[in-house]
Amino acid sequence: MSLLSHERYCAEVLAETELLCTALRDADVATPVPTCPDWTLAQLVLHLGGAHRAVETVVRTRATGFAVPDVSREAGGPDPADAAALAAWLTEGAATLVATLREAGPDARVWTFGGEQPAAFWFRRMAHETVIHRADAFAAVGSPFAVAPEVAADCLDEWLDMLAFLRRIGRLPELSDVTGPDRTLHLHATDTAPELDAEWVIDCTQEHIAWRRAHEKAAVAVRGPLADLLCLIYRRLPLKDADRIEVVGDRELLEAWLERAKF
């Protein structure tokens, strides 16, 4: 269940895009992105801008599949060596995406990775996609990453939703290595208001993965600031570098989960 309104998701796409663009000011866009080792900063922007445009096309045309657009300069994309051009192009794509989402509304039936669903799927997915890639951009330029707690919590919810769904439909067979008796993980944000209920239990005791918001004992407990937990679970913060993360219990289970819970 989503924590945020559909209009809030639209606002986050725009705000997170604007924040990401601040990382491009005075930046060398050939800078490697440490959290996405195969990409430079320019390639990160091209990826995110391409995702915005692909989803905008899916929603606007009610397409039945996802086609990544050609974002090369020859096809009308930005100059990948020009930070200002990249920022302008990314901003334009985000604005067009949001306009299309608002026009379609959250109840429009559209194609998604899980089959036809309400467009609400893409409101949420694109907000969080933009959040995480903004974290990537900030990591590339050395800026500290912070995000509104309610956004971070919903982002973590959605990630666990997607992992559980993919496991149910037979994807992510590698997660079999972390399922079995007593295989549970507890994530506990230490810097949020109690009403946010920022604790998660990931239950791997059965064939399929389940999760819930709860404060319960588990085989391994992972405690730390919510933004750090989000980056850890999204594999943007290596456990060895997570100085503010405390791990109590079965560290090997956590390491195995982080290695396999990806797509």
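Leu86 sits in helix α3, residues 83-104. Helices here are DSSP runs of H or I with at least four residues, strands are runs of E with at least two, and both are numbered from the N terminus. This is a predicted model, in which local features need pLDDT of at least 70 and side-chain atom pairs count only at pLDDT 80 or more, while totals for chains, interfaces and linings use all residues. Residues are numbered from 1 along each chain as its sequence is written, and side-chain values use heavy atoms, with hydrogens and water left out.

Back to Leu86. The residue is buried, at a relative accessible area of 0%; buried means under 20%, exposed over 50%, and partly exposed in between, with a 1.4 Å probe and protein chains only. Setting aside neighbours within four places in sequence, Leu86 is in contact with Leu24, Val29, Ala42, Val45, Leu46, Pro78, Asp79 and Pro80. Contact means heavy atoms within 4.5 Å. From Leu86 to Glu216 the C-alpha to C-alpha distance is 46 Å, across 130 residues of sequence.

Next, the helix pairs. How do α1 and α4 cross? The axes of α1, residues 6-22, and α4, residues 120-141, come within 9 Å and cross at roughly 20 degrees. That makes the two helices roughly parallel. The axes are lines fitted to C-alpha atoms, for helices over the stretch in contact, with angles from 0 to 180 degrees between N-to-C directions. Angles under 35 degrees count as roughly parallel, over 145 as roughly antiparallel, 65 to 115 as roughly perpendicular, and the rest as oblique.

The crossing of α1 and α4 is left-handed, that is, the near helix is turned anticlockwise from the far one by less than a right angle; clockwise would be right-handed. Among the residues making this contact are Tyr9, Val13 and Leu20 of α1, and Phe123, Ala127 and Phe138 of α4. By class, the contact has 12 nonpolar, six polar and four charged residues. Nonpolar covers Ala, Val, Leu, Ile, Met, Phe, Trp, Tyr, Cys and Pro; charged covers Asp, Glu, Lys and Arg; the others, Gly among them, are polar.

The second pair is α4 with α5, residues 149-168, where the axes come within 10 Å and cross at roughly 110 degrees. That makes α4 roughly perpendicular to α5. This crossing is left-handed as well. On the α4 side the residues are Arg124, Arg125, His128, Val131 and Ile132, and they meet Val151, Asp154, Cys155, Asp157, Glu158, Asp161 and Met162 of α5. The classes here are five nonpolar, one polar and six charged.

On to Asp203, in strand β4, residues 199-203. Is Asp203 buried or exposed? Asp203 is buried, with a relative accessible area of 16%. The Asp203 side chain makes a polar contact with the side chain of Thr205 at 2.6 Å. A polar contact is a pair of N or O atoms within 3.5 Å; within protein, one must be able to donate a hydrogen and the other to accept it, and residues adjacent in sequence count only if both atoms are side-chain atoms. Beyond four places in sequence, the contacts of Asp203 include Arg183, His208 and Arg212.

Last, two loop residues. Asp26 lies between α1 and α2, has a positive phi near 60 degrees without being glycine, and is exposed at 85%. Asp182 lies between α5 and β3, with a positive phi near 65 degrees, again in a residue other than glycine, and is exposed at 64%.
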